[in-house]
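User: Hi! I'm new to this one and would like a quick tour. Could you show me the structure first?
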Amino acid sequence: MNEIIIQTEGLTKKYRGRAAVDHLNLEIAKGDIYGFLGPNGAGKTTTIRMLLGLIQPTSGSIHIFGRELQRDKLAILRRIGSLVESPSYYGHLSAIDNLEAIRRILQVPKSRIDEVLEIVSLTSEARRPVKGFSLGMKQRLGIAASLLGNPELLILDEPTNGLDPSGIHEIRELIKSMPQQYGITVLVSSHLLGEMELMASKVGIIREGRMVFQDTIDNLRQRSAHDMELVVSEPDEALWIARDLGAAGKLQSGILSFPGMADAQVAHLVKRLVENGHSVYRVEQKKKSLEDIFMQVIGEGAAV
Ligand SMILES: Nc1ncnc2c1ncn2[C@@H]1O[C@H](COP(=O)(O)OP(=O)(O)OP(=O)(O)O)[C@@H](O)[C@H]1O
C-alpha cells in the first residue's frame, strides 16, 4: 500500500457551536490526485485551511507526511505548496518579478523560477506585466508560485473557479502532470464532479461538513444502484404482480421503472409476467450519469 500523505481523524471545526467540518476522516495516499468535492458551503475551504495550519481545529487530528501537524507545523508546511482563493499579484510587475519576490522569501535558487514557468507553460509570457494576464494565466502563475519551494504535496482550493472551458482544460492537464512527472501528490477541491472525473484518482465528497463518500470514481459509479425499466403488454397489472414479489415500482408513460433492482429479482419478475400471459417487450437498465449519482450523494447525505 502506498504511503499515506494526509490523514485526518475526527477533524472538526465549529463556529459558534455549529460544525462547519464534522468528524472528517480524510485519507490521501502518495501519488493521488484527490478530488475534494462538495457543494458551496460544504466545508472544503475550512478543511483546507486547517490542513495548512491557517485555522485551529476544534477537535480531531491531522497527520501530514506521517507527522502531527500541530507538532511539526513549520517542517511540514515547508513541504507543501498551496493555492487558496485567488492569488494576489503586483499587477505592474512581470510574472518573473512576482515569482522573484516569493523566491527570496523561500530562499530557493533563481533557476527554480524558469523551471516553474516552464511547468505551467508561461515561459513565453514571463516578462509581460501580470495585469494583462487572463484569469487562467493568473491561476497558472499561482500554481507556479506554489511550486517554487519544490513541494511534495500541492493543495489547490477550487483552482478552476471562474475559468472558461479552455482555462479549465489547461489547469486540469497541469494537475494531471503533477504525480506522473514530478512525484507531487495533489489535493484539489471543486464543486463540480465533472471536472474531477477526468483527473482524480480518488474523490472525497462532503456535505454539511461530513464525508459522504471516499473512494475511486469507478467505485462511486459501481456502488450506485441502477433503475430497471420494463415495457410490457399490460403494465397496470404487471405493477401489481411486481408488488406481490416485493418490488415497488412506478408506471410512467407506459414504462414501468424499479429503482435498484437486483438481477435475480428482474429474472423472477419477468418469469412471473410471462407465466401470467404478459408479453415482455423490453427490459432495460437505466444508467445514471455520474452527475446524477453525485447529486444523489450530496442530496441525501448518505453513502451510496
Ligand atoms: N469564519 C467563519 N465564521 C463563521 N462561519 C464560517 C466561517 N468560515 C466558514 N464558515 C461556515 O462554514 C461552512 C463551510 O464553509 P466553507 O467555506 O468551508 O465551505 P466550502 O465547501 O469551501 O464552500 P465554497 O465552495 O462556497 O467555498 C459555511 O456554512 C460557512 O458559512
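User: Let's start with Lys-131. Where is it found?
Analyst: Lys-131 is found in the loop between α4 and α5. Helices here are DSSP runs (H or I, at least four residues) and strands are runs of E, at least two, numbered from the N terminus. This is a predicted model, where local features need pLDDT of at least 70, side-chain atom pairs count only at pLDDT 80 or more, and totals for chains, interfaces and linings use all residues. Residues are numbered from 1 along each chain as its sequence is written.

User: Is Lys-131 buried or exposed, and why?
Analyst: Lys-131 counts as exposed because it has 11 C-beta neighbours inside 10 Å. The cut-offs, with C-beta atoms placed from the backbone, are 20 or more others within 10 Å for buried, 12 or fewer for exposed, and partly exposed in between.

User: Which residues does Lys-131 touch?
Analyst: Not counting residues up to four places away in sequence, Lys-131 touches Gly-91 and His-92. Contact means that the C-beta atoms, placed from the backbone, lie within 7 Å.

User: And Val-116, buried or exposed?
Analyst: Val-116 counts as buried, because it has 26 C-beta neighbours inside 10 Å. Val-116 is found in helix α4, residues 111-119. Leaving aside neighbours within four places in sequence, Val-116 is in contact with Leu-99, Ala-144, Leu-147 and Leu-148.

User: Switching to helices: how do α3 and α5 cross?
Analyst: The axes of α3 (residues 95-106) and α5 (residues 135-147) come within 10 Å and cross at roughly 30°. Axes are lines fitted to C-alpha atoms, for helices over the stretch in contact, and angles run from 0 to 180 degrees between N-to-C directions.

User: Which residues meet there?
Analyst: Ala-95, Asn-98, Leu-99 and Ile-102 in α3 meet Leu-141, Ala-144 and Ala-145 in α5. By class, that contact has six nonpolar, one polar and no charged residues. Nonpolar covers Ala, Val, Leu, Ile, Met, Phe, Trp, Tyr, Cys and Pro, charged covers Asp, Glu, Lys and Arg, and the others, Gly among them, are polar.

User: What about the ligand? Which residues are around it?
Analyst: The residues around the ligand are Tyr-15, Ala-20, Gly-38, Asn-40, Gly-41, Ala-42, Gly-43, Lys-44, Thr-45, Thr-46 and His-191. For that, a residue's C-beta atom, placed from the backbone, has to lie within 6 Å of the molecule.

User: Which helix gives the most to that shell?
Analyst: Helix α1, residues 44-51, gives the most, with three residues. By class, the shell has three nonpolar, seven polar and one charged residues.

Definitions and conventions. Contact = placed C-beta atoms within 7 Å.
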